[in-house]
Amino acid sequence: MFRAEVKTARMKSHLEKPNAAVPPDVRERARKGTRFRNWGTILLIASAWSASFAQQASDPPRVFLLNAQKLAETKQRIQSGDKSFALPLAKLESDAGKALQQEPLSVVTKQPTPPSGDKHDYMSQAPYFWPDPQKPNGLPYIRRDGERSPEINKITDHRTLDQMEAAVRTLSLAYYFRGNEEYAAKATQLLRAWFLDPASRMNPNLEYAQFIPGVNTGRGIGLIETRGLADVVDAIGLLAGSKAWKATDQKGLEDWFSKFLQWMLESKNGREENAAKNNHGTYYDVQATSFALFLGKKDLAKLIVETAKQKRIALQIEPDGRQPLELARTKAWGYSNGNLDGLMLLARLAENLDVDLWNYQTKDGRSIRRALEYLYPFSVGDQKWTYQQLGGFDGRSLFPLVRRAAAHYNDEKFKAEQSKIPILDPSDREHLLTAQ
């Protein structure tokens, strides 16, 4: 109790005694003083509560791929009446309105049943494998790299997972910036259906992902399909504090991701993907680091990103910036972009651990920036892409990576390169994520 409140309480106690020898004028002044001090105390408490609430509203969220400080800055500016974000905010809310119509999604709705006999197990078919025309039953299937078989659409788990991730990502961002509980409630419903509800939840493994008919029942390569779960981790952080997101939900998701990470680290499929030398290894690291951060396993997360210096960057990128394992694919431009995207995501995660992958460079010049510099001339038409690219070449796919790198490479050379990149659409949600 504050000292002034103690003194006021004592005076009030004395005044309430019927035979107290206190002059009427003193009693009246004391009574008024008591009232004044009580209101002062109330105002003091209210002011402190208001300040605490305002601080809580501007506190950075617990996210790892997204930049928490930038998100908090954007939110504070929106709340203070800054109209700079009117267009991307309107577009985000429009997208969130559509996401509100999304029915809960689940792995159990697929038609085929995994070899385990349990539809709660995720299942998908290898996209680039086709029936062998030389065999009566087509088995075993043969590889046609870069050509997606329409058969894969018969199993819906991959598609529904992508839909869930996209909806939750949009709804959680809209809730964070707008505070509309309807968005949080819908995101929570979708997360519960996919991860927690006994009737619909996914088992935390990928034993049967990207199987090849006639060859196997699942492969480590299938882990590439859950790379979007790193966005789900951030969505959980954005939902914190909403009425819909309960402590039991948080605990349930932590338990799910703990089991999934353990499966990644210990299973045959997980170990195979960890050993992959191309983009699959990169996205394994992105997922494992994100999940480890979410679970508070900072030592594990730091070990992964430190090891990535040699295991991913030095191994995958040549001194001139080429990524040979991606260039060998039939969609060499797409895979080169995709792997670089993954390395940049890993670099962003590493920032949470005070590890700088953005500027890491081997003695002979292998680095994330060098890979970007190699691809840049092709993206703006200064050089012609001579490697194979099924479906056609589109240099614009590199532009988001150039914009993302701008926060880390501020020298004149990079600024000159960036000047050739078209400005970001005013309604793009990236403005909200970067406070620009």
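A helix crossing is termed left-handed if the near helix is turned anticlockwise from the far one by less than a right angle, and right-handed if clockwise. In this predicted model, α7 passes α10 in a left-handed crossing. Local features were required to have pLDDT of at least 70 and side-chain atom pairs pLDDT 80 or more, whereas totals for chains, interfaces and linings use all residues. Residues are numbered from 1 along each chain as its sequence is written, and side-chain values use heavy atoms, with hydrogens and water left out.

The axes of α7 (residues 229-239) and α10 (residues 279-294) come within 9 Å and cross at roughly 20 degrees. Axes are lines fitted to C-alpha atoms, for helices over the stretch in contact, with angles from 0 to 180 degrees between N-to-C directions; helices are DSSP runs (H or I, at least four residues) numbered from the N terminus. The two helices are therefore roughly parallel (angles under 35 degrees). Contact (heavy atoms within 4.5 Å) involves Leu229, Ala230, Val233 and Ile236 of α7 and Val286, Ser290, Phe291 and Phe294 of α10.

Beyond four places in sequence, Phe257 is in contact with Phe195, Leu229, Val232, Val233, Ile236, Phe291, Phe294 and Leu295. Phe195 and Phe257 touch the most other members of the largest nonpolar core, which has 105 residues. Its largest share, ten residues, comes from helix α5 (residues 157-178). Such a core is a set of buried Ala, Val, Leu, Ile, Met, Phe, Trp, Tyr and Cys residues joined through side-chain atoms within 4.5 Å.

Gln316 lies in helix α11 (residues 298-316) and is buried, at 4% relative accessible area (buried: under 20%, 1.4 Å probe, protein chains only). A polar atom of the Gln316 side chain lies 3.1 Å from the backbone oxygen of Lys277.

Technical notes. Buried < 20%, exposed > 50% of the residue type's maximum accessible area, 1.4 Å probe, protein only. Polar contact = N/O pair within 3.5 Å; in protein donor to acceptor, adjacent residues only side chain to side chain. Parallel < 35°, antiparallel > 145°, perpendicular 65-115°, else oblique.
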